[in-house]
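User: Could you walk me through this structure? I have not looked at it before.

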Amino acid sequence: MLFTRKAAAVWLSLAFQRVLTAQIPLSSHAPSSFYSGIESDLGQWNLDEGPAVNATGHLVFETANSLLQHWANTRHRIGHTIIPGTIPVGTLLYHGVLFGPHLPTAMNWVSVEPDHSMLFCRGKIETGCWHLTLAVTRPMKVLYFDGNSAAKIPEGTLDTQDLVAWSKMKPEWVWNEGQRIRDLCKWGEKHGVNGFVRMEMNFEIMICNFTSHMEVVSFANIETTRFYIERGTGLPVGPDAMRHAFESVHCASWRENNPGETRIILDFSELVSFYDTALVPSLVPRRLGLERGDHRVGGISPEDVERVQDRLAQALARPPSVTSGIDWKTVLRVVVDRYASRLEFIQHLLNLSLDDESIFDHAQQIQRQLRTVLLPYTVFAALPPNTSVSANATNSWAAPVFRECATTQAASIAYRGTTLTPSERLLLQAVRETTHEICRVVTKMWASGMNFGVDVFYPPEQRPEVDHIHALIGEWKEDVTHLISWLDWSVWVKCRPACGLEEMCYLPTWPYGFPTTRAAQWDSGSLWPDPNKGEWKRLQPKCIRRLEPYSF
């Protein structure tokens with residue numbers, strides 16, 4: 001039976017209200033906007049309207065979701081986030097002593113892994129070297145710079161630190177770590193910060209005062225490592241250099257992906273992002289048309305630098321009791337968990353080569369995957385107004401599904417509104433923009449499958465022509481490829497095929513294979529990759545050996 005347009009609209013409104021009424025009674029103060037304007041609101045959910053070209057919600061989303069994860073921050077090494085955190089009581093930290101059995105008393109560096117700190121444990125073979133293990137005795141307030149923020153390269157890895165320490169970038173001071181830690185700690189003293197978290201080949205912390213917040217667990221005279229770190233390159237040099245270099249990146253791989261480095265607890269309610277276009281508008285035109293890997297903080301205006309510093313000062317002064325209590329790390333992760341593997345699988349199915357005989361069945365398989373993704377949001381009344389859909393039909397009927405999918409994740413948080421900090425409102429908008437585009441594309445693909453007659457539950461009167469199915473799959477492939485590229489989630493970047501048991505999946509990590517400040521840049525006898533090949537510019541995962549002979 002064919003519905004008239006008017007009758008379908010009335011049925012849609014009544015049924016949609018009935019569904020919402022069945023879902024709402026848990027709260028006596030649900031937002032009125034959740035009910036009102038159903039028919040008029042649906043006109044705003046255009047399945048053919050993609051995100052603005054200068055949108056940054058998805059960038060805020062992925063950088064926040066990737067904090068303290070080694071893989072993503074190696075891949076996108078130019079940091080765009082500064083966020084306060086705490087190191088809990090009982091956490092062990094490590095320090096390799098460069099010069100004799102002397103305990104540090106002021107500013108210095110510690111690592112979260114002994115395999116990393118051992119790179120800096122120096123001593124003669126006859127006398128060994130000294131390695132310090134510390135335990136945190138009271139919660140330590142720290143500030144984390146994301147990206148590969150301890151890599152000494154002039155392309156911008158240190159920019160966000162320089163803005164905090166000096167209010168401007170100083171690329172000529174890339175290796176001036178002594179001045180950097182002194183000025184960061186001077187700034188941090190005003191805000192109760194005792195450490196600055198960065199990522200080298202693993203995570204490290206610049207400690208401002210070794211006599212505060214920590215106690216000595218052991219100060220051991222151990223066997224020397226038989227190598228040293230070369231000044232000006234950061235590379236280990238010596239007979240055992242390659243093995244220790246591998247183990248430094250191997251232990252970092254334990255923190256590659258979610259949950260990342262768990263010994264540092266970040267406060268997402270006070271996150272500061274350089275992708276926040278309201279806070280840092282001067283960077284918007286500088287990113288236009290650039291790939292994510294080419295985004296820089298360089299070029300930020302003095303006014304925006306001042307705003308960032310003010311926001312940081314406010315964040316560090318705000319007591320925890322005034323925040324919402326929302327677990328933003330989990331909110332972000334739930335979205336990735338829900339969609340990452342399914343989008344990847346759909347893309348895999350779309351990339352298979354098929355003949356004309358099997359393509360219809362294959363299109364039905366993909367349609368089932370799309371239906372599975374949307375099933376929790378498939379409002380009953382939104383199903384097509386008749387069963388005689390065609391390839392020429394519009395997909396506007398699917399707007400309620402799009403709306404339900406895109407708004408469910410953040411609806412409750414959005415209602416809290418005034419209790420959110422500025423950082424939380426930014427994260428809320430990031431979740432909204434990201435789920436909006438995911439749901440737009442998936443709903444559009446599913447609706448097109450319905451219109452083309454490949455949905456097993458809504459079979460057409462006759463099977464679609466083969467060329468129509470090829471056209472549908474071509475559209476699907478274009479849609480999902482563009483979506484995955486736009487989201488740019490690092491969880492999709494992996495070694496294909498997977499590495500063997502004697503191998504490890506690896507992204508080129510500073511300083512191995514990166515340009516150095518040394519006059520003699522590289523020679524054919526070097527143990528390290530040739531930086532002139534440019535592998536460090538656009539990182540691609542590869543399998544490397546876990547046994548001798550090592551290679552990077």
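**A first look at the chain**

Analyst: Of the 552 residues of the chain, 53% count as buried, where buried means under 20% relative accessible area, exposed over 50% and partly exposed in between, with a 1.4 Å probe and protein chains only. This is a predicted model, in which local features need pLDDT of at least 70 and side-chain atom pairs count only at pLDDT 80 or more, while totals for chains, interfaces and linings use all residues. Residues are numbered from 1 along each chain as its sequence is written, and side-chain values use heavy atoms, with hydrogens and water left out.

User: How many helices and strands does the chain have?

Analyst: The chain has 16 helices and 14 strands, taken as DSSP runs (H or I of at least four residues for helices, E of at least two for strands) numbered from the N terminus.

User: Which residues touch the most other members of the largest nonpolar core?

Analyst: In that core of 89 residues they are Phe268, Trp328, Tyr339, Leu343, Trp446, Trp476 and Trp489, and helix 15 gives the most to this core, with 14 residues. A nonpolar core here is a set of buried Ala, Val, Leu, Ile, Met, Phe, Trp, Tyr and Cys residues joined through side-chain atoms within 4.5 Å.

User: Switching to Glu424, is Glu424 buried or exposed?

Analyst: Glu424 lies in helix 15, which covers residues 422–452, and is buried, with a relative accessible area of 1%.

User: What does Glu424 touch?

Analyst: Not counting residues up to four places away in sequence, Glu424 touches Ser269, Ser324, Ile326, Trp328 and Thr419, a contact being heavy atoms within 4.5 Å.
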